[in-house]
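Here's a quick briefing to read alongside the model. Have the sequence and the coordinates open as you go.

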Amino acid sequence: MPDLRLGDVIDDYCVKCRRLTNHSIVSLMNGSAAKVRCRTCYNDHDYRNEQAPPTKKELARQKELYNEVLSGVAPAAEAAVADPPPPADKKKKK
Ligand SMILES: [Zn+2]
């Protein structure tokens, strides 16, 4: 395991540069990088283990899958919704 120190340069994904760039470690946690600073745009951010955040397309896909799962496992819930309780009539005035 590499011995990381403040100021060491490591690769990480920069959301501003939208690619892997060199980063300086600005904060350490338990011997690993906690916060890093992009050496291209000087943006500070949490170290993300070189992982790019999911794109909008991937997020949409995840939501799609999630909804598919929901519709697959929740027919009972739909049946319940099909028979709604009578609306409360609290606004009735004398
Ligand atoms: Zn950057």
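A salt bridge here is a side-chain nitrogen of Lys or Arg within 4 Å of a carboxyl oxygen of Asp or Glu. Keep in mind that you're looking at a predicted model: local features need pLDDT of at least 70, side-chain atom pairs count only at pLDDT 80 or more, and totals for chains, interfaces and linings use all residues. Residues are numbered from 1 along each chain as its sequence is written, and side-chain values use heavy atoms, with hydrogens and water left out.

**Salt bridges**
- Searching the whole structure turns up three salt bridges.
- One of them pairs the side chains of Lys35 and Asp46, at 3.7 Å from N to O.
- Lys35 sits in strand β3 and Asp46 in strand β4 (residues 44-46), so this contact ties together parts 11 residues apart in sequence; helices (H or I, at least four residues) and strands (E, at least two) are DSSP runs, numbered from the N terminus.
- Both ends are partly exposed, with relative accessible areas of 40% for Lys35 and 46% for Asp46 (buried is under 20%, exposed over 50%, partly exposed in between, using a 1.4 Å probe and protein chains only).
- Arg37 pairs with Asp44, and their closest N and O atoms are 2.5 Å apart.
- Arg37 comes out partly exposed at 34%, and so does Asp44 at 38%.
- Arg61 and Glu64 meet at 2.9 Å, N to O, and both belong to helix α1 (residues 56-73), three residues or about one turn apart.
- Arg61 is partly exposed at 44%, as is Glu64 at 43%.

**Zinc site**
- The zinc ion's protein donors are the SG atoms of Cys14, Cys17, Cys38 and Cys41, lying 2.2 to 2.4 Å away (donors are N, O and S atoms within 2.8 Å of the metal, or 3.2 Å for Na, K and Ca; water is not among the atoms, so sites may look incomplete).
- Cys14 lies in strand β1 (residues 9-14) and Cys38 in strand β3 (residues 32-38), so that pair links parts 24 residues apart in sequence.
- Both Cys14 and Cys38 are buried.
- Along the sequence, the donor residues follow a C-x2-C-x20-C-x2-C spacing.

- Strand β1 runs antiparallel to strand β2 (residues 19-29), and six bridges join them (two strands pair if DSSP finds at least two bridges between them).
- Ile10 has His23 in β2 as its bridge partner.
- Four residues separate the strands of this hairpin, and Arg18 takes a positive phi near 60°.
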